[in-house]
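Reader: I have a structure here that I have never looked at before. Can you walk me through it?
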Amino acid sequence: MFRFLLALLLSASPALSQGFAGLGTTAEGFAVPQPDPVFDFPSDHGPHPAYRIEWWYLTATLSGADGRDYGAQWTLFRSALAPETSQGWEAPQLFMGHAAVTTADAHYSAERLARGGIGQAGATAEPFEAWIDDWAMTSTAAEGADAYSALSLTARGDVFSYAMELQATGPLVFHGQDGYSVKSAEGQASYYYSQPFYEVTGILDLPDGPVEVTGTAWLDREWSSQPLSETQEGWDWFSLQFADGARLMGFGLRETGGSVYTSATWIEPDGATVAYPDGALRLTPLASVDVAGRTVPVEWRVELPDRELDITTRALNPQSWMDTSFAYWEGPIFFTGSHDGRGYLEMTGYE
Amino acid sequence: MLYSALQSLFSHWRRQPGQLAMLVLGLALATALWSGVQAINAEARASYDRAAQTLGQDSLPRLSRADGQPVPLSDYIALRRAGYLVSPVIAGEVRSTNARLRIQGIDPLTAPEAAQGPALDGGLDLAAFFTAPGLLLVSPGTAAGPLPPDLPRLVEADGIPPNAALTDISTAARLTGQTDPSFLLVAPEQPRGLPPLSEATDLVLSQPQETSDIARLTDSFHLNLTAFGLLSFAVGLFIVHAAIGLAFEQRRASFRTLRALGLPLRSLLTALALEISTIAVLSGLAGIALGYAIAAALMPGVAGTLRGLYGATVPGTLSFDPVWAISALVITLLGAAAATAQAMLRTARMPLLSPAQPRAWAQAAGRTIRSQGIAALVLFIASGLILQFGHGLVAGFAVLATLLVGAALMLPVFLTVLLNRVEKLTRAPFLQWVMADTRQQIPGLSLALMALLLALAANIGVSTMVGSFRGTFLGWLDQRLAAELYVGARDEEQAIALAEWLAPRSEAVLPIISTDVRLLDLPGEVFGMADHATYRDNWPLLSATPDAWDRLFAGEAVLINEQLFRREALALGQEIVITDDLTLPIAGVYSDYGNPSGQAIIGFDLFRALFPDAPLTRFAVRVPTEDAPDLASAIRETFDVPTELVRNQAQIKRFSIEVFEQTFRVTGALNVLTLGVAGLALLTSLLTLASLRLPQLAPVWAIGTPRKVLARTELARSILLAALTWALSLPVGLALAWVLLAVVNVEAFGWRLPMQVFPADWVKLLGLSLVAAVLAASLPSLRLARTPPARLLQVFSQER
């Protein structure tokens with residue numbers, strides 16, 4: 001129960017934040033994202049303690065030397081109890097790490113919690129590193145290059161571990177209006193940018209033994225102090241990779257009444273973006289399965305008429321349940337239809 | 001058939017309600033004292049278990065430094081960043097003059113489930129828990145009790161040990177002024193693919209303890225209580241035995257009639273067993289209720305004792321456990337069965353046609369006196385042998401048990417022999433008759449007298465022990481608290497200023513500094529002592545090498561307390577490990593009463609070199625006694641130190657003595673209860689005998705002795721027997737005291753005390769036992785004085 005409450009503190013889920021005295025929706029003393037942001041790199045790759053929540057969120061679609069498909073996730077969440085940072089036990093910055101490996105028939109997940117201020121977890125911009133315990137995302141970029149252009153990544157759970165090297169083949173991309181991503185009709189917003197162009201090589205150490213993998217990966221960086229509206233129950237987030245090298249990021253925020261607030265970013269192979277406002281992207285759940293006692297839609301119809309996109313997604317493993325203190329569905333997907341390809345799906349708020 | 005038998009058996013109790021009351025009372029009292037003590041023990045043990053569970057002490061291994069110092073934060077971070085699942089705990093204490101609160105600070109973000117406990121469930125305000133000033137989770141009892149000032153907000157929660165607070169590690173760090181973890185908890189499951197923990201760190205891994213340190217320390221106290229409970233149970237069974245014996249004797253005629261009417265022996269015995277079981281169950285239930293009441297009344301005292309002696313905190317309240325009630329009932333039934341066995345056996349063997357002769361009972365009992373004497377001798381020898389060759393607390397109690405039972409068995413022999421002597425010396429026929437008749441009665445009274453003997457001996461023994469302890473303790477306090485003023489500062493900075501300010505205003509300012517360490521693998525303390533005549537002249541050394549002080553202050557040797565010395569069977573000159581790098585020979589042993597754990601003293605300079613981080617904030621100040629109060633006020637005015645940090649010698653002494661008195665309050669209460677039970681046993685037996693003795697008294701009355709004289713003689717006889725029993729209880733009690741002081745105390749507490757005797761107490765006890773005898777004998781005597789002559793005459797006419 002304690003862990004669960006803690007997750008409420010750390011989570012950005014609106015349904016849950018309601019249960020926690022509206023903590024997720026008010027931003028007392030915290031900085032609030034403003035339109036027309038100007039990012040300052042490399043410092044913005046590091047943490048923003050003045051904002052309530054922040055994450056470094058990496059998902060990888062992988063193929064094993066054994067011919068099988070895999071997915072991997074690495075996330076560091078930061079959650080502030082107060083808009084300040086300090087050293088020692090009292091530092092009000094808390095961190096939560098999630099890691100997972102998905103195969104067609106198994107989904108392994110792990111979680112770590114830590115307080116900032118003592119060195120157990122944190123993030124630094126220069127040189128870039130985000131870490132919790134022995135899990136780390138470390139920049140291996142050459143001098144002068146963007147810190148996110150090359151990363152090394154490690155995580156370890158009770159039954160699995162992995163180590164990967166990531167090399168970006170394109171630039172950073174910014175969602176919404178130049179990185180100011182609106183999340184509801186009332187104007188809740190976050191700063192949001194990504195590096196969607198990683199090529200990955202690495203080793204997954206699984207209960208059946210180590211597997212060499214290669215593939216692609218996508219890093220999301222997002223921070224805010226009031227991410228969601230009180231009436232939003234959860235979200236469905238897609239990252240899709242098309243055969244020609246283009247990408248699509250799209251999400252739908254589900255309102256309590258049944259309506260959905262959608263947003264999408266079309267990313268050309270060279271990194272040029274087109275942001276789509278609410279309504280352009282259409283998300284329709286098709287088939288649901290029973291996951292951890294909940295009914296979760298694991299097949300979706302995704303439509304973006306402006307790009308003549310009409311596809312059906314299918315999960316590599318419909319049981320990709322993150323059995324963490326704040327539980328959600330996160331796993332690799334395949335899609336067919338007007339386009340074919342692979343991607344990642346995250347679904348929260350299915351209770 | 002069985003029903004009719006039962007009915008006729010029960011009719012006896014209707015005619016003799018007093019006897020029934022005795023039986024019920026005996027059983028109830030025996031059950032009550034025994035089960036009460038058990039309830040207290042169970043409550044205390046449950047409390048230790050809860051304390052252990054709070055931090056997963058019973059299930060999680062820990063990492064700590066070999067020298068007992070805190071684990072550097074960097075060591076903790078290094079382990080985490082190597083992937084190991086360990087979680088930091090800062091444990092400490094916040095004190096004020098009249099309150100102390102143990103602080104357990106955990107890191108809920110990393111703490112394994114087992115360490116979080118039920119207290120962290122539910123709707124806790126997490127933001128408040130994590131951020132200053134923080135929250136303290138305490139039990140409702142702790143929240144109500146005296147607490148140190150200036151604490152963060154208290155939140156009541158279940159499952160927290162008394163006088164302890166569970167809180168976030170940041171709050172604990174702030175309250176205790178300690179930033180490094182006291183130890184690390186190790187999660188049972190570590191991530192895969194890591195080398196063993198022992199290869200990753202120099203810290204010492206200790207496995208979860210089956211029993212906590214405090215449970216081990218307090219074991220002896222609970223054994224003490226158990227022994228007292230057992231003694232009370234035995235004394236209670238004496239009453240039961242007497243009441244049942246009487247009931248069987250008086251019903252011999254009924255048994256014979258029932259058997260003659262065709263009731264099979266088996267049915268008769270079944271009926272008797274049913275009857276006794278019913279009474280036992282009913283009185284057992286009453287006893288359990290009474291026991292619960294006694295335990296609840298004693299619990300605050302026990303809590304005080306445990307706190308005073310061991311620093312263990314148990315709640316002063318009692319919870320009800322059905323298992324305890326059932327086991328108490330079973331014990332009652334077993335006790336009743338034991339007390340009934342003899343009577344049942346006799347009934348089974350009773351020839352159907354023999355006349356029912358109550359007298360036969362007393363005579364038969366007389367034949368056993370010789371064998372009792374032999375048994376007593378055997379027990380005394382056994383006692384001596386155990387004393388010689390036995391080890392440990394259990395052996396100590398075995399010595400006590402054999403000694404007491406032997407003495408009890410010896411009592412009838414002693415009385416018989418004595419009365420024989422007196423009888424031979426007297427010439428007056430009446431007096432000779434009285435002596436002979438008294439001797440005749442001894443078998444019937446012996447059990448009650450034995451109960452009285454045991455109670456008296458226990459009383460003398462225990463009060464001698466407590467008195468000796470008290471005397472020694474007071475003398476020791478005088479020596480130990482040689483300085484006039486004891487001053488503490490808020491922090492080291494203030495301490496330096498304080499010392500500088502005090503220097504010109506006093507004869508000497510002596511630093512008091514200590515740190516927690518593990519001594520021979522148990523928690524202990526090391527003190528640093530500055531070279532000064534105050535210590536050389538006053539510090540109470542029990543034994544020492546000739547140059548002990550010089551070597552101590554030169555940093556070449558160590559002084560240890562008596563507890564550690566005895567517990568580990570150390571010898572002067574033997575080396576003892578202080579820290580990983582330092583081993584020193586023992587130069588002396590000092591007495592250290594009231595402290596359960598091991599302690600060592602090293603020279604001040606050596607201490608500072610070994611433990612540079614231990615804060616120096618306390619001083620002992622030497623000034624002329626008359627100047628002490630003024631200086632104390634001056635310190636309080638000049639420096640912003642809390643009142644409780646400046647105390648003079650007299651205050652500390654008063655506090656220590658209070659703790660001491662509190663410690664032995666329970667012992668005193670149990671003593672009084674046992675004596676009360678013994679008095680009751682005497683009354684039962686006298687009542688029993690009075691009704692049986694008419695055939696002996698009638699002839700004496702018939703030859704001209706008035707009833708009044710006979711009644712007075714009865715009274716005098718009881719007084720005589722009580723006085724003789726008291727006389728025998730003196731050596732037994734002193735022997736008991738000696739065993740308690742020289743064997744049991746050494747094993748239980750680790751200190752040996754010189755024995756002092758308190759003859760005034762003995763006289764008081766004599767008075768008490770005479771009063772008990774008079775009270776017990778007056779009712780039967782009064783009855784005798786008022787017996788109608790017709791009834792006395794019946795004795796001659798009615799040969800049963």
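Author: Start with a term: buried area is the accessible area, taken with a 1.4 Å probe, that two parts lose on being put together, summed over both. Between chain A and chain B that area is about 2,900 Å², and carbon and sulfur atoms give 59% of it.

Reader: Before going on, what kind of model is this, and how are things numbered?
Author: It is a predicted model, where local features need pLDDT of at least 70, side-chain atom pairs count only at pLDDT 80 or more, and totals for chains, interfaces and linings use all residues. Residues are numbered from 1 along each chain as its sequence is written, chains are lettered from A and ligands numbered from 1 in the order in which they are written, and side-chain values use heavy atoms, with hydrogens and water left out.

Reader: Back to the two chains. How many residues does each put into the contact?
Author: Chain A gives 31 residues and chain B gives 39 residues, where contact means heavy atoms within 4.5 Å.

Reader: And how many salt bridges are there between chain A and chain B?
Author: The count is 6 between chain A and chain B. The term means a side-chain nitrogen of Lys or Arg within 4 Å of a carboxyl oxygen of Asp or Glu. Over all chains, the whole structure has 29 salt bridges. One pair joins two chains, because R81(B) lies in helix α3 (residues 73-81) of chain B and E129(A) in strand β6 (residues 129-132) of chain A. The side chains of R81(B) and E129(A) form a salt bridge at 3.4 Å, N to O.

Reader: What counts as a helix or strand here?
Author: They are DSSP runs, numbered from the N terminus: helices are H or I with at least four residues, strands are E with at least two.

Reader: Ok, helices. How do α14(B) and α15(B) pack?
Author: Helix α14 (residues 392-425) of chain B and helix α15 (residues 429-480) of chain B pack at about 155°, with axes 9 Å apart. Axes are lines fitted to C-alpha atoms, for helices over the stretch in contact, and angles run from 0 to 180 degrees between N-to-C directions. So α14(B) is roughly antiparallel to α15(B). Angles under 35 degrees count as roughly parallel, over 145 as roughly antiparallel, 65 to 115 as roughly perpendicular and the rest as oblique.

Reader: What sort of residues make that contact?
Author: By class, the contact of α14(B) with α15(B) has 17 nonpolar, 5 polar and 2 charged residues. Ala, Val, Leu, Ile, Met, Phe, Trp, Tyr, Cys and Pro count as nonpolar, Asp, Glu, Lys and Arg as charged, and the others, Gly among them, as polar.

Reader: Which way does α15(B) run against α24(B), parallel or antiparallel?
Author: α15(B) and α24(B) pack at about 180°, with their axes 13 Å apart. That makes them roughly antiparallel. F430(B), W433(B) and D437(B) in α15(B) meet Q696(B), L697(B) and V700(B) in α24(B).

Reader: Where does α27(B) come in?
Author: Helix α24 (residues 694-702) of chain B packs with helix α27 (residues 789-797) of chain B at about 105°, axes 9 Å apart. α24(B) and α27(B) are therefore roughly perpendicular. Their contact has 11 nonpolar, no polar and 1 charged residues.
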